[in-house]
Amino acid sequence: MLNTVKRIKQVRADYKLLSSKEKRRFWIDGILNNALYILMALFVIYTSVARPNFLSLGSFANLITQVAAFLPMALGIAGCIVLTGTDLSAGRVSGLTAAVAAVLLQKTDFTNKMFPNLPPASGMWILVTLLTAVAIGCFVGLVNGFFVAKFSLHPFIVTLSTQLITYGIILWFFGLNGNNGQPISGLSNEYKEFVGGELFRLGNVAVPRYVLYAAILVVIMWFIWNKTAFGKNMFAVGSNAEAAKVSGVNVFKTIVFVHALAGIMYGYAGFVEGVRSGSVAASTGLNAECDAIAACVIGGVSFVGGTGSISGIILGVFVLRIIFVALTVLGVDSSSLYIIKGAIILCACALDMRKYLVKK
(Lines give C-alpha, C1' and ligand atoms only; values in the text may rest on other atoms or scores of the structure.)
Protein backbone atom coordinates (compact mmCIF):
# COMPACT_ATOMS: atom_id res chain seq x y z
CA MET A 1 0.00 0.00 0.00
CA LEU A 2 2.81 2.40 0.91
CA ASN A 3 4.61 1.62 -2.35
CA THR A 4 1.43 2.40 -4.29
CA VAL A 5 1.07 5.78 -2.54
CA LYS A 6 4.71 6.57 -3.29
CA ARG A 7 4.26 5.70 -6.97
CA ILE A 8 1.18 7.93 -7.21
CA LYS A 9 3.09 10.83 -5.66
CA GLN A 10 5.99 10.24 -8.06
CA VAL A 11 3.65 10.18 -11.08
CA ARG A 12 2.09 13.46 -9.95
CA ALA A 13 5.51 15.05 -9.55
CA ASP A 14 6.62 13.84 -12.99
CA TYR A 15 3.35 15.00 -14.57
CA LYS A 16 3.89 18.57 -13.39
CA LEU A 17 7.20 18.67 -15.27
CA LEU A 18 5.63 17.68 -18.60
CA SER A 19 4.86 20.16 -21.37
CA SER A 20 1.27 20.63 -22.54
CA LYS A 21 1.90 18.38 -25.56
CA GLU A 22 3.44 15.69 -23.37
CA LYS A 23 0.49 15.93 -20.97
CA ARG A 24 -1.94 15.32 -23.84
CA ARG A 25 0.15 12.35 -24.91
CA PHE A 26 0.13 11.10 -21.31
CA TRP A 27 -3.68 11.12 -21.15
CA ILE A 28 -4.12 9.58 -24.59
CA ASP A 29 -1.71 6.76 -23.73
CA GLY A 30 -3.42 6.23 -20.38
CA ILE A 31 -6.86 5.96 -21.99
CA LEU A 32 -5.70 3.61 -24.75
CA ASN A 33 -3.69 1.38 -22.41
CA ASN A 34 -6.69 1.00 -20.11
CA ALA A 35 -9.42 1.11 -22.76
CA LEU A 36 -10.79 -2.33 -21.96
CA TYR A 37 -11.08 -1.53 -18.25
CA ILE A 38 -12.78 1.79 -18.99
CA LEU A 39 -15.25 0.17 -21.38
CA MET A 40 -15.93 -2.56 -18.85
CA ALA A 41 -16.67 -0.02 -16.12
CA LEU A 42 -19.10 1.83 -18.43
CA PHE A 43 -20.68 -1.46 -19.44
CA VAL A 44 -21.15 -2.52 -15.81
CA ILE A 45 -22.77 0.83 -14.99
CA TYR A 46 -25.13 0.50 -17.95
CA THR A 47 -26.04 -3.10 -17.04
CA SER A 48 -26.66 -2.23 -13.39
CA VAL A 49 -29.02 0.56 -14.47
CA ALA A 50 -30.84 -1.61 -17.05
CA ARG A 51 -30.95 -4.68 -14.78
CA PRO A 52 -30.76 -3.67 -11.08
CA ASN A 53 -30.43 -7.32 -9.97
CA PHE A 54 -27.04 -7.44 -11.72
CA LEU A 55 -25.36 -6.07 -8.59
CA SER A 56 -27.13 -8.43 -6.19
CA LEU A 57 -25.35 -10.87 -3.86
CA GLY A 58 -26.64 -13.76 -5.96
CA SER A 59 -25.12 -12.28 -9.10
CA PHE A 60 -21.80 -11.76 -7.32
CA ALA A 61 -21.86 -15.37 -6.07
CA ASN A 62 -22.44 -16.55 -9.63
CA LEU A 63 -19.53 -14.38 -10.78
CA ILE A 64 -16.95 -15.72 -8.33
CA THR A 65 -18.15 -19.26 -9.05
CA GLN A 66 -17.47 -18.78 -12.76
CA VAL A 67 -14.13 -17.10 -12.06
CA ALA A 68 -13.04 -20.03 -9.90
CA ALA A 69 -13.95 -22.49 -12.67
CA PHE A 70 -12.09 -20.66 -15.47
CA LEU A 71 -9.13 -19.32 -13.47
CA PRO A 72 -7.00 -22.53 -13.33
CA MET A 73 -6.79 -22.77 -17.12
CA ALA A 74 -5.80 -19.10 -17.35
CA LEU A 75 -3.12 -19.64 -14.69
CA GLY A 76 -1.70 -22.48 -16.77
CA ILE A 77 -1.80 -20.89 -20.19
CA ALA A 78 -0.34 -17.63 -18.86
CA GLY A 79 3.08 -19.26 -18.42
CA CYS A 80 3.06 -20.30 -22.08
CA ILE A 81 2.26 -16.71 -23.10
CA VAL A 82 5.07 -15.39 -20.88
CA LEU A 83 7.38 -17.56 -23.02
CA THR A 84 6.02 -15.72 -26.13
CA GLY A 85 3.94 -18.78 -27.01
CA THR A 86 0.42 -20.05 -26.50
CA ASP A 87 -1.42 -23.36 -25.99
CA LEU A 88 -4.29 -24.32 -28.29
CA SER A 89 -4.64 -27.76 -26.70
CA ALA A 90 -5.81 -26.48 -23.31
CA GLY A 91 -9.55 -26.83 -23.92
CA ARG A 92 -9.33 -30.33 -25.38
CA VAL A 93 -7.03 -31.51 -22.60
CA SER A 94 -9.51 -30.31 -19.99
CA GLY A 95 -12.27 -32.05 -21.99
CA LEU A 96 -10.35 -35.32 -21.97
CA THR A 97 -9.60 -35.18 -18.24
CA ALA A 98 -13.23 -34.24 -17.55
CA ALA A 99 -14.35 -37.35 -19.44
CA VAL A 100 -11.88 -39.61 -17.62
CA ALA A 101 -12.90 -38.20 -14.22
CA ALA A 102 -16.59 -38.57 -15.05
CA VAL A 103 -16.18 -42.21 -16.09
CA LEU A 104 -14.13 -43.11 -13.01
CA LEU A 105 -16.61 -41.41 -10.68
CA GLN A 106 -19.99 -42.48 -12.02
CA LYS A 107 -22.55 -43.88 -9.60
CA THR A 108 -22.13 -47.61 -9.01
CA ASP A 109 -25.83 -48.23 -9.70
CA PHE A 110 -26.06 -45.98 -12.75
CA THR A 111 -27.79 -47.81 -15.61
CA ASN A 112 -25.41 -46.67 -18.36
CA LYS A 113 -22.20 -46.86 -16.34
CA MET A 114 -19.37 -47.27 -18.86
CA PHE A 115 -17.20 -49.48 -16.65
CA PRO A 116 -19.43 -51.32 -14.14
CA ASN A 117 -16.54 -53.01 -12.32
CA LEU A 118 -14.89 -49.79 -11.14
CA PRO A 119 -14.79 -49.23 -7.36
CA PRO A 120 -17.28 -46.84 -5.70
CA ALA A 121 -16.40 -43.17 -5.46
CA SER A 122 -14.88 -43.18 -1.98
CA GLY A 123 -12.57 -40.43 -0.74
CA MET A 124 -9.44 -42.34 -1.78
CA TRP A 125 -10.81 -43.15 -5.24
CA ILE A 126 -11.71 -39.48 -5.77
CA LEU A 127 -8.13 -38.54 -4.92
CA VAL A 128 -6.81 -41.19 -7.32
CA THR A 129 -9.08 -39.79 -10.03
CA LEU A 130 -7.86 -36.24 -9.40
CA LEU A 131 -4.24 -37.39 -9.63
CA THR A 132 -5.05 -39.29 -12.83
CA ALA A 133 -6.60 -36.18 -14.41
CA VAL A 134 -3.62 -34.08 -13.38
CA ALA A 135 -1.18 -36.72 -14.67
CA ILE A 136 -2.90 -36.81 -18.07
CA GLY A 137 -2.71 -33.02 -18.33
CA CYS A 138 0.92 -33.03 -17.20
CA PHE A 139 1.82 -35.66 -19.83
CA VAL A 140 0.30 -33.61 -22.67
CA GLY A 141 2.11 -30.54 -21.33
CA LEU A 142 5.41 -32.43 -21.28
CA VAL A 143 4.87 -33.45 -24.91
CA ASN A 144 4.11 -29.85 -25.87
CA GLY A 145 7.13 -28.51 -23.98
CA PHE A 146 9.49 -31.17 -25.36
CA PHE A 147 8.70 -30.46 -29.01
CA VAL A 148 8.80 -26.68 -28.49
CA ALA A 149 12.11 -26.77 -26.62
CA LYS A 150 13.90 -29.62 -28.42
CA PHE A 151 13.05 -28.78 -32.03
CA SER A 152 12.37 -25.04 -31.71
CA LEU A 153 8.90 -25.53 -33.16
CA HIS A 154 6.42 -22.72 -32.73
CA PRO A 155 4.00 -23.44 -29.85
CA PHE A 156 1.08 -22.69 -32.18
CA ILE A 157 2.00 -25.65 -34.41
CA VAL A 158 2.84 -28.02 -31.57
CA THR A 159 -0.27 -27.33 -29.50
CA LEU A 160 -2.51 -27.36 -32.59
CA SER A 161 -1.19 -30.85 -33.28
CA THR A 162 -1.76 -32.07 -29.72
CA GLN A 163 -5.20 -30.44 -29.77
CA LEU A 164 -6.19 -32.59 -32.76
CA ILE A 165 -4.60 -35.72 -31.28
CA THR A 166 -6.37 -35.16 -27.96
CA TYR A 167 -9.70 -34.62 -29.69
CA GLY A 168 -9.24 -37.88 -31.57
CA ILE A 169 -8.57 -39.66 -28.26
CA ILE A 170 -11.72 -38.06 -26.81
CA LEU A 171 -13.86 -39.34 -29.68
CA TRP A 172 -12.34 -42.81 -29.30
CA PHE A 173 -12.90 -42.72 -25.54
CA PHE A 174 -16.57 -41.79 -25.90
CA GLY A 175 -17.10 -44.82 -28.13
CA LEU A 176 -15.85 -47.37 -25.60
CA ASN A 177 -18.08 -50.11 -24.16
CA GLY A 178 -20.97 -49.30 -26.48
CA ASN A 179 -21.29 -45.70 -25.30
CA ASN A 180 -21.50 -44.57 -28.95
CA GLY A 181 -20.51 -40.98 -28.23
CA GLN A 182 -23.25 -40.32 -25.67
CA PRO A 183 -22.56 -37.74 -22.92
CA ILE A 184 -21.23 -39.21 -19.68
CA SER A 185 -23.59 -38.51 -16.80
CA GLY A 186 -24.70 -40.12 -13.54
CA LEU A 187 -21.84 -38.62 -11.52
CA SER A 188 -21.59 -39.89 -7.97
CA ASN A 189 -22.84 -37.77 -5.08
CA GLU A 190 -19.42 -38.02 -3.40
CA TYR A 191 -17.74 -36.51 -6.47
CA LYS A 192 -20.33 -33.73 -6.65
CA GLU A 193 -19.94 -32.98 -2.95
CA PHE A 194 -16.14 -32.98 -3.09
CA VAL A 195 -16.03 -30.48 -5.95
CA GLY A 196 -19.30 -28.59 -5.82
CA GLY A 197 -20.44 -28.96 -2.22
CA GLU A 198 -21.51 -25.78 -0.45
CA LEU A 199 -18.60 -23.72 0.90
CA PHE A 200 -20.68 -20.77 2.09
CA ARG A 201 -23.69 -18.78 0.94
CA LEU A 202 -24.07 -15.30 -0.51
CA GLY A 203 -27.69 -14.34 -0.25
CA ASN A 204 -29.65 -17.34 -1.50
CA VAL A 205 -26.83 -18.67 -3.70
CA ALA A 206 -24.42 -21.36 -2.51
CA VAL A 207 -20.73 -20.88 -3.37
CA PRO A 208 -19.12 -24.26 -4.21
CA ARG A 209 -15.98 -25.74 -2.72
CA TYR A 210 -13.95 -25.37 -5.89
CA VAL A 211 -13.80 -21.63 -5.16
CA LEU A 212 -11.57 -22.51 -2.20
CA TYR A 213 -9.51 -24.87 -4.36
CA ALA A 214 -9.02 -22.09 -6.93
CA ALA A 215 -7.81 -19.76 -4.16
CA ILE A 216 -5.28 -22.37 -3.05
CA LEU A 217 -4.04 -22.73 -6.65
CA VAL A 218 -3.62 -18.95 -6.87
CA VAL A 219 -1.40 -18.96 -3.77
CA ILE A 220 0.67 -21.85 -5.12
CA MET A 221 1.11 -20.27 -8.55
CA TRP A 222 1.97 -16.88 -7.02
CA PHE A 223 4.68 -18.56 -4.95
CA ILE A 224 6.06 -20.43 -7.98
CA TRP A 225 6.10 -17.31 -10.16
CA ASN A 226 7.53 -14.90 -7.60
CA LYS A 227 9.52 -16.86 -5.03
CA THR A 228 11.25 -19.67 -6.91
CA ALA A 229 14.17 -19.88 -9.30
CA PHE A 230 11.85 -21.53 -11.81
CA GLY A 231 9.64 -18.42 -11.89
CA LYS A 232 12.62 -16.11 -12.41
CA ASN A 233 13.94 -18.37 -15.16
CA MET A 234 10.54 -18.39 -16.87
CA PHE A 235 10.48 -14.60 -17.11
CA ALA A 236 14.14 -14.53 -18.20
CA VAL A 237 13.50 -17.00 -21.03
CA GLY A 238 10.36 -15.11 -22.05
CA SER A 239 12.24 -11.82 -22.19
CA ASN A 240 15.26 -13.13 -24.12
CA ALA A 241 15.95 -16.84 -24.41
CA GLU A 242 19.49 -16.39 -25.77
CA ALA A 243 20.49 -13.99 -22.99
CA ALA A 244 18.96 -16.33 -20.40
CA LYS A 245 20.96 -19.25 -21.81
CA VAL A 246 24.20 -17.27 -21.64
CA SER A 247 23.34 -16.40 -18.01
CA GLY A 248 23.22 -20.07 -17.12
CA VAL A 249 19.48 -20.71 -17.32
CA ASN A 250 18.49 -24.17 -18.56
CA VAL A 251 16.14 -23.00 -21.32
CA PHE A 252 15.07 -26.52 -22.33
CA LYS A 253 14.07 -27.51 -18.81
CA THR A 254 12.30 -24.20 -18.20
CA ILE A 255 10.15 -24.48 -21.34
CA VAL A 256 9.25 -28.11 -20.61
CA PHE A 257 8.36 -27.33 -16.98
CA VAL A 258 6.19 -24.36 -17.94
CA HIS A 259 4.13 -26.48 -20.33
CA ALA A 260 3.95 -29.36 -17.84
CA LEU A 261 2.67 -27.00 -15.14
CA ALA A 262 0.13 -25.64 -17.61
CA GLY A 263 -1.02 -29.21 -18.32
CA ILE A 264 -1.49 -29.83 -14.60
CA MET A 265 -3.80 -26.79 -14.45
CA TYR A 266 -5.80 -28.08 -17.44
CA GLY A 267 -6.12 -31.50 -15.81
CA TYR A 268 -7.51 -29.96 -12.63
CA ALA A 269 -9.85 -27.72 -14.66
CA GLY A 270 -11.27 -30.81 -16.37
CA PHE A 271 -11.76 -32.56 -13.03
CA VAL A 272 -13.88 -29.62 -11.85
CA GLU A 273 -15.72 -29.13 -15.15
CA GLY A 274 -17.49 -32.47 -14.97
CA VAL A 275 -19.31 -31.46 -11.79
CA ARG A 276 -19.80 -27.86 -12.87
CA SER A 277 -21.56 -28.82 -16.09
CA GLY A 278 -23.36 -31.87 -14.65
CA SER A 279 -22.27 -34.19 -17.47
CA VAL A 280 -19.40 -34.47 -19.95
CA ALA A 281 -19.79 -34.54 -23.73
CA ALA A 282 -17.23 -34.83 -26.53
CA SER A 283 -17.55 -31.06 -26.99
CA THR A 284 -16.63 -30.26 -23.37
CA GLY A 285 -13.74 -27.79 -23.25
CA LEU A 286 -14.23 -26.66 -26.87
CA ASN A 287 -12.58 -23.23 -27.34
CA ALA A 288 -12.05 -22.85 -23.58
CA GLU A 289 -8.46 -21.80 -24.31
CA CYS A 290 -9.81 -18.73 -26.13
CA ASP A 291 -11.36 -17.41 -22.93
CA ALA A 292 -8.17 -18.16 -21.01
CA ILE A 293 -5.95 -16.41 -23.56
CA ALA A 294 -8.25 -13.38 -23.67
CA ALA A 295 -8.26 -13.16 -19.86
CA CYS A 296 -4.46 -13.33 -19.72
CA VAL A 297 -3.97 -10.61 -22.32
CA ILE A 298 -6.56 -8.38 -20.64
CA GLY A 299 -4.70 -8.96 -17.38
CA GLY A 300 -1.39 -7.77 -18.79
CA VAL A 301 0.31 -11.03 -19.78
CA SER A 302 2.02 -9.90 -22.96
CA PHE A 303 2.58 -12.00 -26.08
CA VAL A 304 5.84 -10.10 -26.45
CA GLY A 305 7.07 -12.25 -23.57
CA GLY A 306 8.56 -11.82 -20.13
CA THR A 307 5.62 -9.86 -18.73
CA GLY A 308 2.76 -10.93 -16.50
CA SER A 309 1.53 -11.31 -12.93
CA ILE A 310 -0.83 -13.57 -11.04
CA SER A 311 -2.88 -10.59 -9.85
CA GLY A 312 -3.24 -9.43 -13.45
CA ILE A 313 -4.48 -12.86 -14.53
CA ILE A 314 -7.10 -12.86 -11.77
CA LEU A 315 -8.20 -9.36 -12.81
CA GLY A 316 -8.38 -10.44 -16.45
CA VAL A 317 -10.57 -13.44 -15.63
CA PHE A 318 -12.83 -11.24 -13.49
CA VAL A 319 -13.18 -8.67 -16.27
CA LEU A 320 -14.01 -11.29 -18.89
CA ARG A 321 -16.52 -13.11 -16.69
CA ILE A 322 -18.18 -9.83 -15.66
CA ILE A 323 -18.69 -9.02 -19.34
CA PHE A 324 -20.18 -12.43 -20.10
CA VAL A 325 -22.42 -12.41 -17.01
CA ALA A 326 -23.63 -8.91 -17.91
CA LEU A 327 -24.35 -9.93 -21.49
CA THR A 328 -26.34 -12.91 -20.23
CA VAL A 329 -28.31 -10.69 -17.85
CA LEU A 330 -29.05 -8.34 -20.76
CA GLY A 331 -30.41 -11.26 -22.76
CA VAL A 332 -27.74 -11.35 -25.48
CA ASP A 333 -27.98 -14.63 -27.41
CA SER A 334 -25.19 -17.19 -27.20
CA SER A 335 -24.27 -16.81 -30.88
CA SER A 336 -23.37 -13.16 -30.37
CA LEU A 337 -21.08 -14.10 -27.46
CA TYR A 338 -18.63 -15.71 -29.91
CA ILE A 339 -18.48 -12.48 -31.91
CA ILE A 340 -17.86 -10.49 -28.75
CA LYS A 341 -15.20 -12.94 -27.53
CA GLY A 342 -13.35 -12.64 -30.83
CA ALA A 343 -13.54 -8.85 -30.75
CA ILE A 344 -12.22 -8.76 -27.17
CA ILE A 345 -9.26 -10.99 -28.02
CA LEU A 346 -8.44 -8.93 -31.13
CA CYS A 347 -8.66 -5.60 -29.28
CA ALA A 348 -6.72 -6.88 -26.27
CA CYS A 349 -3.88 -8.18 -28.46
CA ALA A 350 -3.82 -4.96 -30.51
CA LEU A 351 -3.59 -2.82 -27.37
CA ASP A 352 -0.91 -5.11 -25.96
CA MET A 353 1.18 -4.80 -29.12
CA ARG A 354 0.68 -1.03 -29.11
CA LYS A 355 2.21 -0.83 -25.62
CA TYR A 356 5.22 -2.79 -26.88
CA LEU A 357 5.68 -0.56 -29.95
CA VAL A 358 5.41 2.60 -27.86
CA LYS A 359 8.13 1.30 -25.50
CA LYS A 360 10.40 0.56 -28.48
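Helix 5 is mostly covered, with 15 of its 15 residues buried, where buried means under 20% relative accessible area, exposed means over 50% and partly exposed lies in between, computed with a 1.4 Å probe on protein chains only. This helix spans residues 90-104 and reaches 21 Å from its first C-alpha to its last, close to the 21 Å expected at 1.5 Å a residue, the expected span being 1.5 Å times one less than the number of residues. Helices here are DSSP runs of H or I with at least four residues, and strands are runs of E with at least two, numbered from the N terminus.

The model is predicted, so that local features need pLDDT of at least 70 and side-chain atom pairs count only at pLDDT 80 or more, while totals for chains, interfaces and linings use all residues. Residues are numbered from 1 along each chain as its sequence is written, and side-chain values use heavy atoms, with hydrogens and water left out.

**Packing of helices 6 and 7**

- Helix 6 (residues 123-151) packs against helix 7 (residues 155-174) at an angle of about 145°, with the axes 9 Å apart; axes are lines fitted to C-alpha atoms, for helices over the stretch in contact, and angles run from 0 to 180 degrees between N-to-C directions.
- The crossing of helix 6 with helix 7 is right-handed, a term used if the near helix is turned clockwise from the far one by less than a right angle, with left-handed used if anticlockwise.
- On the helix 6 side Val 140, Val 143, Asn 144, Phe 147 and Val 148 take part, and they meet Pro 155, Val 158, Thr 159 and Thr 162 of helix 7, contact meaning heavy atoms within 4.5 Å.
- By class, this contact of helix 6 with helix 7 holds six nonpolar, three polar and no charged residues, where Ala, Val, Leu, Ile, Met, Phe, Trp, Tyr, Cys and Pro count as nonpolar, Asp, Glu, Lys and Arg as charged, and the others, Gly among them, as polar.

- Met 40, placed in helix 3 (residues 35-50), is buried with a relative accessible area of 17%.
- Not counting residues up to four places away in sequence, Met 40 touches Val 319, Ile 322 and Ile 323; the C-alpha atoms of Met 40 and Ile 323 are separated by 7.0 Å although the two residues are 283 apart along the chain.
- Phe 252 belongs to helix 12 and is partly exposed, with a relative accessible area of 37%.
- Leaving aside neighbours within four places in sequence, Phe 252 is in contact with Phe 146, Ala 149 and Lys 150, and its C-alpha atom is separated by 8.8 Å from that of Val 148, 104 residues away along the chain.

**Cysteines**

- The structure holds zero disulfides, a disulfide being a pair of cysteine sulfur atoms within 2.5 Å.
- For Cys 80, the closest cysteine sulfur is that of Cys 296 at 9.2 Å, which is too far for a bond.
- Cys 80 is buried at a relative accessible area of 2%, whereas Cys 347 is partly exposed at 39%.

- Asn 287, in the loop between helix 12 (251-277) and helix 13 (288-298), has a positive phi near 65° and is partly exposed, with a relative accessible area of 35%.
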